[in-house]
Amino acid sequence: MHFSIQNLLFLLVAVAGFGLFAWQARKIRANILVGRDRDMSGHVNERLWKTLLVAFGQQKMFKRLTPAFLHLIVYVGFIVINIEVIEIMVDGLFGTHRFLQFLGPLYDALTATNEVLGALVVLAVVAFWWRRNASVVRRFTGPELRAWPKLDANVILYVEVILMVALFTMNAADLKLHQLEGKDLPGAFPISSLLTGLFPDNLTALAVLERVGWWAHIVGILLFLNYLPSSKHFHIIMAFPNVFYSRLVPQGQFSNVDSITYEVKAMMDPSYQVPAPATNPDGSAAAPTPFGAKDVDDLAWTNLLNAYSCTECGRCTSVCPANLTGKLLSPRKIIMDTRDRVEEKYNSPLIFHPSLYGPEAKHNPQEQLDKENHTLLRGYVTPEELWACTTCNACVEACPVNINPLESIIEMRRFLVLEESAAPNSLNVMFSNIENNGAPWAFSPSDRFNWADDLFVTEKTPVTA
């Protein structure tokens, strides 16, 4: 173990990398918490089990076997290769070389597994690139995926290949350097041993290439880490808390508005005591909470967590009956719009700016930004999209990380109906009938049984020849 300028430089790079990521993560946490409070305590064992199955176990991914298999390779490779990242961090800080070599045969198995997974990751990434850019997969062609979202998906694929190339450069150069020096390199390198012929026989050149590969790999990982918060690939971190805090109630169970529930209970039971209205810490009356959601801070914090966890994979939109029949609704777009609105309202960054969707998106960002009252509802999501939803929960069932677009849709619908009285005419007719007739149909309660009288008369009428 020895210390050098290189170790000090690595310490500075690592502190800067992790510090910048912590700053970004803190901002995103603050953005999520602008949402309405929602008590998600309790049921810890059930939540941990769901997280283990859905997030760690990729349970819902395997409804589509081809992408599931490819994703599993990248996912397992990401986990296992990170063990080598720990070794690189220790080597960088303390001047050691292959710190984990004390593991002996286990280290051989670990490095060999790393190499095989690294090669498989490259093959999987190539397949992902082909599926996204060359083949015709409908869910990768939505108008909300133009411009930045499409570029973002490809950037990550290129970065993953670069990281694997840096890893193999480091290992192959180090392996050949040890071979020329007549030494044994700790570990087993089945892929790098095939690549040593591509490297020069000059010891100095090999030493430089090994350092270039080492630095490119670890600095690339730190850059990748800080790119994640501005990318859809932030789901590799956010998927775990999102699944943990996902709904445990049946999917078809809608939430009720507490204030309306209290009024109904008081109407049905005169002895019912309506809870006292909420107050501020100073004892003054709190501002009334609007019905539903007009903007992102009217949604629950779990809905905003959903937005930051979205993979933009399009599974939700690909099974949406409204979208499949040509309606404007895309559940993926609802979630992406929510995230973009949070970023616009509280951060105003470049990366998530909606204008980067391009002119072919289903909404016109420039027109939206010119509106005086720019909010999630109407600023990003139109009533036409919301009323196209059939509330079938297909999008919720399809999401591999348990995102619930339907909750946000229902909340914005509630705002339209309860705050603006802006329901479609067909619903307004139904509401009027319920109010006047006690039923959705335009018949007086006294006429409700007329159909049976008509049936009785028909059955008793004698048949004439």
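The lining of the largest cavity splits into three nonpolar, six polar and four charged residues, where Asp, Glu, Lys and Arg count as charged, Ala, Val, Leu, Ile, Met, Phe, Trp, Tyr, Cys and Pro as nonpolar, and the others, Gly among them, as polar. The model is predicted, so to speak of local features takes pLDDT of at least 70 and side-chain atom pairs count only at pLDDT 80 or more, while totals for chains, interfaces and linings use all residues. Residues are numbered from 1 along each chain as its sequence is written, and side-chain values use heavy atoms, with hydrogens and water left out.

That cavity holds about 120 Å³ of space. Among its 13 lining residues, Arg-247, Phe-254, Ser-255, Glu-407 and Ile-410 sit closest to the centre. Helix α18 (residues 405–419) gives the largest share of the lining, four residues. A cavity here is a set of points on a 1 Å grid over the protein atoms alone where a 1.4 Å probe fits but cannot get out, and lining residues have an atom within 4 Å of a point.

Turning to helix packing, α3 (residues 65–94) and α7 (residues 203–227) meet at about 110°, with axes 11 Å apart; helices are DSSP runs (H or I, at least four residues) numbered from the N terminus. Axes are lines fitted to C-alpha atoms over the stretch in contact, and angles run from 0 to 180 degrees between N-to-C directions. The pair is therefore roughly perpendicular, a label for angles of 65 to 115 degrees. From α3, Ile-81, Val-85, Ile-88, Met-89, Asp-91 and Gly-92 make the contact, and from α7, Trp-214, His-217, Ile-218 and Ile-221, contact meaning heavy atoms within 4.5 Å.

Methods: On a 1 Å grid over the protein atoms alone, a cavity is a set of points where a 1.4 Å probe fits but cannot get out, and a pocket is an open set with protein on both sides within 12 Å along at least five of seven lines; lining residues have an atom within 4 Å of a point. Grid points are joined across faces, edges and corners, and a volume is the space filled by probe spheres set on the points. Helices (H or I, at least four residues) and strands (E, at least two) are DSSP runs, numbered from the N terminus. Angles under 35 degrees count as roughly parallel, over 145 as roughly antiparallel, 65 to 115 as roughly perpendicular and the rest as oblique.
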